Amino acid sequence: MRIAVAGGTGLVGTYTVQAAEAAGHSVAVLARSRGVDLVSGRGVEDALAGVDVVIDASNVDSRARAEVTDFFVSSTTNLQKAAAAQGVSGIVVLSIVGIDRVPEFGYYAGKLAQEEAAFAGPVPVTVARVTQFHEFAAQVMLGMRRGPLAPVPSMRTQTVAARSVGAELVRLAGEPFTGETVEIAGPRPESLVAHARQVVARQGKRLLVLPLWVPGAVGRGLRGGALLPGAGARLIGPSFSEWVGSEDALTPRL
Ligand SMILES: NC(=O)c1ccc[n+]([C@@H]2O[C@H](COP(=O)([O-])OP(=O)(O)OC[C@H]3O[C@@H](n4cnc5c(N)ncnc54)[C@H](OP(=O)(O)O)[C@@H]3O)[C@@H](O)[C@H]2O)c1
């Protein structure tokens with residue numbers, strides 16, 4: 001099968017490309033650094049020539065509602081249009097568990113708009129709603145650190161390894177597209193602040209992790225477990241404690 005991975009140079013996209021190639025598929029990577037712009041549509045249709053299935057693991061470097069929504073709606077609509085023109089049989093969309101329970105957070109509002117845009121298109125879709133990655137604590141610290149201090153939201157999260165998510169996305173790409181939304185999560189709920197401290201220690205950094213009490217509905221949702229998976233979720237390892245001892249825990253680098 002030929003699989004296109006949108007965002008195939010990113011954190012989870014790189015693991016997705018590796019899993020697809022290891023399973024014997026041929027892969028097309030869609031990213032600006034590969035000459036394809038999902039937002040303007042430049043190069044998308046050409047890149048999907050001969051592609052059977054698309055996995056969308058793209059992302060935008062913003063948390064602002066309007067910017068995030070614009071990115072995901074434009075990119076998803078362009079992918080749908082080009083996929084239909086090239087006879088692609090399905091699109092796997094990478095989304096996040098619980099976004100409908102915390103829509104006040106601008107980034108999650110953008111992801112909900114992405115899911116809607118995906119289902120509105122002509123090509124059949126599977127939405128993979130995934131919990132935060134084991135790598136999420138490092139991603140948050142990279143975005144929020146100020147000198148030696150790293151504020152990290154107090155929240156409960158059932159994180160999953162980005163490498164394992166990549167393999168699951170490839171598995172979903174090989175299944176029938178029935179318009180389903182599936183949930184994927186790690187083995188157990190844990191504290192993001194505790195994760196952050198373990199990642200700092202693992203990477204040998206001098207960084208003081210400060211629990212951040214996020215105000216309002218977003219904070220209540222994060223602390224109250226709104227992002228935890230439901231009973232039907234597929235739970236996959238490794239656990240955070242197994243993962244943090246592995247080489248994968250050195251990426252992204254603080
Ligand atoms: N982080 C988490 O814990 C988590 C949990 C669940 C789901 N997710 C979802 O997982 C997805 C991927 O997240 P990530 O952290 O792996 O992303 P990432 O590392 O930031 O990678 C983003 C990818 O998108 C590409 N990209 C950005 N703008 C583009 C454009 N205009 N045209 C084409 N490609 C573009 C980037 O390549 P170029 O820069 O070369 O364009 C890169 O390959 C996101 O949709 C996110 O919502 C994340």
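This is a predicted model: local features need pLDDT of at least 70, side-chain atom pairs count only at pLDDT 80 or more; totals for chains, interfaces and linings use all residues.

Tutor: At 38% relative accessibility, Met-1 counts as partly exposed, because that class lies between buried (under 20% relative accessible area) and exposed (over 50%), with a 1.4 Å probe and protein chains only. Met-1 belongs to the segment before strand E1 (2–6). Helices (H or I, at least four residues) and strands (E, at least two) are DSSP runs, numbered from the N terminus. From Met-1 to Ala-185, C-alpha to C-alpha, the separation is 26 Å. Along the chain these two are 184 residues apart.

Residues are numbered from 1 along each chain as its sequence is written, and side-chain values use heavy atoms, with hydrogens and water left out.

Now the ligand. Where does the ligand sit? The ligand is in the largest pocket. A pocket is an open set of points on a 1 Å grid over the protein atoms alone, where a 1.4 Å probe fits, with protein on both sides within 12 Å along at least five of seven lines. A molecule sits in one if more than half of its atoms lie within 2 Å of its grid points.

Which elements surround the ligand? Those that give two or more residues to the shell are helix H1 (11–22), helix H3 (65–85), strand E4 (90–96), helix H4 (106–120) and helix H5 (136–144). E4 gives the most, with three residues. The shell holds 29 residues. A residue counts as near if one of its heavy atoms lies within 4 Å of the molecule. Thr-9, Arg-32, Ser-33, Tyr-107 and Gln-139 come nearest. By type, the shell has 15 nonpolar residues, eleven polar and three charged. Here Ala, Val, Leu, Ile, Met, Phe, Trp, Tyr, Cys and Pro count as nonpolar, Asp, Glu, Lys and Arg as charged, and the others, Gly among them, as polar.

Next come the polar atoms. A polar contact is a pair of N or O atoms within 3.5 Å; within protein, one must be able to donate a hydrogen and the other to accept it, and residues adjacent in sequence count only if both atoms are side-chain atoms. Gly-10 has a polar backbone atom 3.0 Å from an oxygen atom of the ligand. For Ser-58, a backbone N or O atom lies 2.8 Å from a ligand oxygen atom. Lys-111 uses its side chain: one of its N or O atoms is 2.7 Å from an oxygen atom of the ligand. How much of the ligand does the protein bury? The protein buries 86% of the 910 Å² that the ligand exposes when taken alone. Such areas come from the Shrake-Rupley method with a 1.4 Å probe.

Ser-58 lies in the loop between strand E3 (53–56) and H3. Its relative accessible area is 10%, so Ser-58 is buried. The side chain of Ser-58 makes a polar contact of 2.8 Å with the side chain of Asp-56. Lys-111 has a side-chain partner too: a polar contact of 2.8 Å joins Lys-111 and Gln-114. Gln-114 is in helix H4. With a relative accessible area of 1%, Gln-114 is therefore buried.

Last, follow the chain toward its end. Most peptide bonds are trans. The bond joining Gly-237 and Pro-238 is cis, with omega about 0°. Pro-238 is in the loop between strand E11 (234–235) and H9. Glu-242 lies in helix H9 (residues 240–244). Glu-242 counts as exposed because its relative accessibility is 53%. A polar atom of its side chain is 2.9 Å from the backbone nitrogen of Ser-239. Thr-251 to Pro-252 is also a cis peptide bond, with omega near -10°. Pro-252 falls in the segment after H9.

Notes:
On a 1 Å grid over the protein atoms alone, a cavity is a set of points where a 1.4 Å probe fits but cannot get out, and a pocket is an open set with protein on both sides within 12 Å along at least five of seven lines; lining residues have an atom within 4 Å of a point.
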